[in-house]
Every structure is written in structure tokens, then in C-alpha cells.
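Biologist: I am new to this structure. Can you show me how to read its features, starting with a pair of helices?

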Amino acid sequence: MRHRVIAALRGTVAAVASIALVAPVPLSAQAAASADAQPSVDLVNPLMGTDSDYTLSYGNTYPAVAVPWGMNFWTPVTGKPGSGWGYTYDGNKINGIKQTHQPSPWMNDYAAFALMATTGALKVKADERASWYSHKAEESRPYSYKVYLADYDVTAEVAPTNRAAQFRFTFPESDDAHIILDGYAGGSMVSVDPARRRITGYVRNNHGGVPGNFHNYFVAEFDHAFTVSRTWDDNGQIAATPMREGDHVGAVVSFKTRKGEQVGVKVASSFISLDQAERNLRGEIGGDGFEQTKAKAKAVWQREFDRIEVSDPDIDNRRTFYSALYRMLQFPRMFHEVDAKGQTVHYSPYDGKVHPGFLYTDNGFWDTWRAVFPFFALMYPERDSEIMQGLVNTYKESGWLPEWASPGHRDVMIGSNSANLIADAYLNGVRGFDVETLYEAMVKNATTSQGRPVDKKGNVVGAVGREGVEYYNRLGYVPYDVGINENAARSLEYATADFSISRLASALGKTEDAKLYAARAQNYRKLYDTQSGWMRGRNQDGSWSTPFNPYKWGDAFTEGNALHYSWSVMQDVQGLADLMGGKDAFVKRLDSVFTTPPIFDDSYYGQTIHEIREMQIVDMGQYAHGNQPIQHMPYLYDWAGAPWKTQYHVRDVMKKLYAPTPDGYPGDEDNGQTSAWYVFSALGFYPVTPAVGQYAIGSPLFRTVKLTMPGGKTLTIEAANNGPGNVYIQSASFNGTPHDKPWLTREALQKGGTLRFVMGATPNRKWGAASSAAPFSMSAPVAKP
């Protein structure tokens, strides 16, 4: 709360100064006026979620200086190089600003190198060169970063492009001003060319998922001549040697500077070659100055934010919204480049060759299929098409679809969730990609576990394809007692993926496949234990796993317990409600998740993992919004005749668990997914079921939102009487026609018009509550708009 108050007060200063002599105006109105005068990109706080560590995540984010979906990000480093926690809000010192490709601290970084400016006696090791800094002298924007390095009286700035960046270092008067380029450990080379005022080289650091010829080539071009240039070796020994190669090498160029003198550096990189890195530099920066690059990056972000214009007196809600939107539009990142002929090409992290076409990477589909990709299908179908084209290329180059790519296949998480986002894209009108090849890849995932990729140690990358698929196809579930961990979670996720395959098969005219996978989509029933009322691990002989503790995290489930994963039946909420005893019993079971104390059993992990702790401390019972498996659960009341409970809980989560502050997320942000939940929910609806083009209605957060839909049509969402106390929908209309169903269609939203809600302080228990009003379920009649 303290951060919120400070941010709000800072935003009022200019407004107070300008109107104080005219008339007294309430502080909230002043703050709102100040924020209204700002472009929405400047409402973003890139430090949101950075107050995190290994034990407790409030986002596990870092301030990414980037353009949307850019190949390279840049970020200050306060932690130890090589650590996944490169920047944390409580850090006191900065040791560099690095090029980063890190999607998550748990995945760590790859292809990273850093620049740092110092003065005085030369120190090149990260812990020795690090400078004290303060957040009071730090400016973090999506399109730029600026910080005062107090130990050296230097101000460092960076502004990005897709594959390049510009630095500007403002020095004091000094005979010994230095700029250090650190190639980091893991394989690096540097070469200094004083005549051309350049440092070139490559870095190879990674944490897996790359072929043997993996390199990130870079060129750094300076606008000042060097008075001295040196390199340093694996031991940090400095010498006037123009080239170094080893595990961890770097370069230093030095200058004599006047007070306030600015030294500029243009940097670009490529996964293809040094020539391509130079091409990226010329093509994306060319003769632009620092301010031009910064302005162009700002304009790119603002163009995206202008597509969703939010009007509301609550400044913090708007700041949170645009901060979340900023996170949503970062991943998956481009991994493709533009060659000398102007063709799109990419280095493949799967086979190590250069191929034509798009490629995107750094994404965990276990997280992002739920809301990030549905948002892309709704708002960015052309971008989604490029991503799908990249998936086709991944399949052709590796023989498999990616489930967690960074940059190639990584052995992390479970499921077969690529099927969900592919089917969801096609069924929601995304075109321009080879859907037949992707369908073939989906069926391969669902058919065999043989021939999957192996890591450098020769171990099968179990996250690719479906671990235990032969058991699943024979029994209808992955057994508990065959040595495959998190088996119940896998089974539930495979069933949802089978539903997506069935939908796509039907759309492609593959009738028999559609029937087969629709039947398998009902496999969730085989894990429902009528005695406990929860999903449960099951042995190969059909007996239940014992002992059973529904509060035990892990074991048969993934980063959750039975209370979390039992709701993972997005394809058939009505069928799940029937298993639980009907809608009234279903509602009571949903309620119990919020009212049961946050007791837990962490014995599977041997420690209290951060996801458990994040559930425990927020006073929402067993509801663990900080992790993905249960994030859709508050919307399930829409299927059970109690949409007003969805409205209450969705607004409660937005209010309590999100803020535009360093501790502003409820757990790992995860490639945009936790942000996407907020963005969708703030708009007033959320995509629960994949591949059906429906969105369950929650409680819109803002009074007015204008969305520019694909094709240029405008969708206006109004919420009359909206406010912190008025969270319940009293009535709704779409283009003047009463709307009494708790869901919307993709087609209707993309056609534009006006969606109007009337909000109130007490529930309207009739609105959207009719049995015939429920959204799609496999076990229910087809719902009609």
C-alpha cells in the first residue's frame, strides 16, 4: 500500500502546481487529471513484480527495456551474473546493463552480455565494479532505462529496437572513464578494433535447449575514439590484447571525458552471424541518435496501448492495467531476422541451421495457453499467425511441437498444451499458416512418446510430446504407480488437449478423429473420486492411490493439490458439476476453496515451495491465484447459475492481489499469463474453454474502455455506476439489445459496437443465472448467443 500512495502522490505534483492558484480541487481529481495527461505507455511500471526472490514471488519479473515481442531485451543487473534473479528491487548495487533473453528466473538466461560504465581505477569483475544506486535516481520505462551510478558519477541510459539498442553514458570529468563489455561465463569472444571504434564478438552462455553451434554474435559501435583499449581473460586479468576467447572474457575501452560529456554506443546482435548483427545494426538504428531510437521505441509501445483506451478515475487500476499489458506483449519473442535480400530467416535452436520464415521462442505453453494466446487470437490475429508459422517451422526442424522453448526444447512442466493454442487460433479465425502440418504434429503428440528429443546427456526431454501417452490411450489416464510423476495433472491436461484436437479435427473435416478425441476428452471422469469429491491419482489396476491427502502439493499434481487441479475440466464444466452432485453442490464446492484454511502438505517437495507460500499468505483460503492451474476457477460460477459470485471473486482478486508496485503480482508472472488474467478480467470477460470462441463474463473494472479490434472496428465497453463498491452486474446490453447470458462470443466482440453493463452494490441473482444461459460444455446442449 505504501508504494501505491507514493506513486499516486508523485503523479499529482505537476497538477497541483498548475491549478493551485485557480481553485481548490480534490486530490483524487488532480491525480486523475495528471494521469490523463500522460500517454498510457508512461503509466507502465516495469518494476512491477521485481520485489521477488527464490522463496517468495511477487512476479519474479525484471524491468525489460524492449519493444513488443522483440528478439532482445535489456535490463539492469543487481544480482550475481548467471543467477536467474538478475534484478531484484531490494538490490543496492548495479554491475551492468545486460542483453537478456530470460523468460523466467527458473529457466534462467541465454546469450547474455553486459555493458557497464565506470571511472577511476579499472575493475572488471562484476562484484568489484558494481556501483551503488537508488530507485530515487532510476527511471524505468518500457522503452528506456536510466540510472545514476553513484560510485562513478555516471548516468547510464539504454533504448531498444527489436535486435539492437543505443546506450548513452554521461561521464564526469575524468582521465579514466571506462566502458566495460562483459561476455559472461559459458563461452565468449571479444575483439577490439580501435580504428573503427568497435567491439565485436560472440557469447554462448545458455542453460540448455541449444545445439552445439549456438552463438550470439554482437557488434558494439562507439561514437568516441578510445584512448586505451584492453581485454580481459577468464581470471579477470587485463592486458592490451585486442582479442580474447575463453569461457569468460571481456573488453574495456577508455576515454578522457569532460564533465557532462556523453559517450554513445550502438549495439546489435544476431544468432546467425556477425555480418547479420551488423545488418541488424544498420537496419534498425542506422544514423539515428539516442533520442530518435528512444522515441521510436516509445511510439511502438504507444501504438499497441492506443488499441485499448481505458477511462477511469482510479489511476492505480489504470497503471496496473497497462503494466500488465506491457508484460503480455513481450513473449513469445521473435527469434527471426531479416537477411541481405530482405527475407525473413531464422537460426534454428533445434537443428542448428538457418531456415527461411518466422520463429518465436521463450514461452511455456502450460502457462500461456490459458489467456495470453486467446488474447492474441482476439486482438492480434496477424501476430498469432506468425507464431503459428513458427510452430510449423519448429515441428519441421525438430519433429515435435514445443511445450517450453528457451530457445529450443527444455524439459520443464507437463501437458500437451500446444494443441490448445493451435486449435484456439484456427477456430477463432486465425489463418495464414499450415494448419494441416500442425494438426499432424498434434496427433503425433497424442499418439506416441517414441523418438522425442534428447538433451546433451542423452536423456529424453519428457516435457515434449506426452509423457505416458501409451498408458493414457490404453487406460484413459496416466497411472500413479508406473514411475511417472504428476500423473493426475498430466491426465487432466491431456483430456483438455484432446478436446482441442477434436474441435480442430471437426473443423478440418476429419470426422472419425473428431469422435475419437471427443471421447478421450471425457477421460477426466476416470480420475474423479466420488468418495472425496476431488480428482485423485489412480493406479494401473484401477485402484486409487493411497494414502490420499487433498492438501498435498505435487505428487499426482503439478505445483498444486487436488483442490486446485480438480477444476481443470475447462471443456466440460457441466459434466464436472454433474459429477460433484449438480449445480448447487458444485457452487458449494467452489465456495469451499475460498473458505478452507490454507493448510498444506509439502512433503513431496521436501520444502515449502514459493507457490505454496503465496497461497498461504493472501488470506483467500485454498485459492492459489499465484499459479496457473486454478486461475480460471472463479469464472466457473457462470456455469452453475451463480455468476454474481464470479463477479465478487474476480473483483476481489484484482483488488487484493494486483498493484502497479514492486510487489504487485500474486506469484510468478509467467510470460504474460498472470498479466493476461488481469487484462481480460479488467475488461470484464475471460477465456475459460479453448477452441470455442466464448468468454465467461466477470465484473468489468473500468467505467469505459475502447478497443480497436482487428480490421479497425471499435468495441466500447461501458460500465455505468462502476466503482470499488459496485462490483455486481445489474443488467447488460450489446448494441442496445438486452444481454442476459454470462458469456460473449469472439465474433460479436470483433464486430464492434457497444457492450454496456449497469453495475450495483448488491448481487442481481437473476442476471445470467438461467440454466439455459450457461456457456459451452461438452455435456450440455450447444449454447446460443
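Modeller: Gladly. This is a predicted model. Take helix H9 (residues 381-398) and helix H10 (residues 418-427): their axes come within 11 Å and cross at roughly 135°.

Biologist: Which residues make the contact?

Modeller: H9 brings Asp384, Met388 and Leu391. H10 brings Leu421, Ile422 and Ala425.

Biologist: How do the residues of the contact of H9 with H10 divide?

Modeller: Five are nonpolar, one is charged and none is polar.

Biologist: Now a sheet. What is the order of the six strands in the open sheet?

Modeller: Read across the sheet: S19-S31-S32-S36-S33-S34. The pairing is mixed.

Biologist: Which are the edge strands?

Modeller: An edge strand pairs on one side only. Here the edges are S19 (308-311) and S34 (737-738).

Biologist: How many bridges join strand S31 to strand S32?

Modeller: Five, between residues 704-708 of S31 and residues 714-720 of S32. The two strands run antiparallel. As one case, Val705 has Ile717 in S32 as its bridge partner.

Biologist: Which residues does UniProt list for the domain?

Modeller: An unreviewed UniProt entry lists residues 276-760 as "domain: Glycosyl hydrolase family". Over residues 276-760 the chain is 40% helix and 13% strand. The end C-alpha atoms of that stretch are 58 Å apart.

Notes. Residues are numbered from 1 along each chain as its sequence is written. This is a predicted model: local features need pLDDT of at least 70, side-chain atom pairs count only at pLDDT 80 or more; totals for chains, interfaces and linings use all residues. Side-chain values use heavy atoms; hydrogens and water are left out. Two strands pair if DSSP finds at least two bridges between them. Helices (H or I, at least four residues) and strands (E, at least two) are DSSP runs, numbered from the N terminus. Axes are lines fitted to C-alpha atoms, for helices over the stretch in contact, and angles run from 0 to 180 degrees between N-to-C directions. Contact means heavy atoms within 4.5 Å. Ala, Val, Leu, Ile, Met, Phe, Trp, Tyr, Cys and Pro count as nonpolar, Asp, Glu, Lys and Arg as charged, and the others, Gly among them, as polar. UniProt positions are given in the numbering used here, feature names are shortened, and annotations may be inferred rather than shown by experiment.
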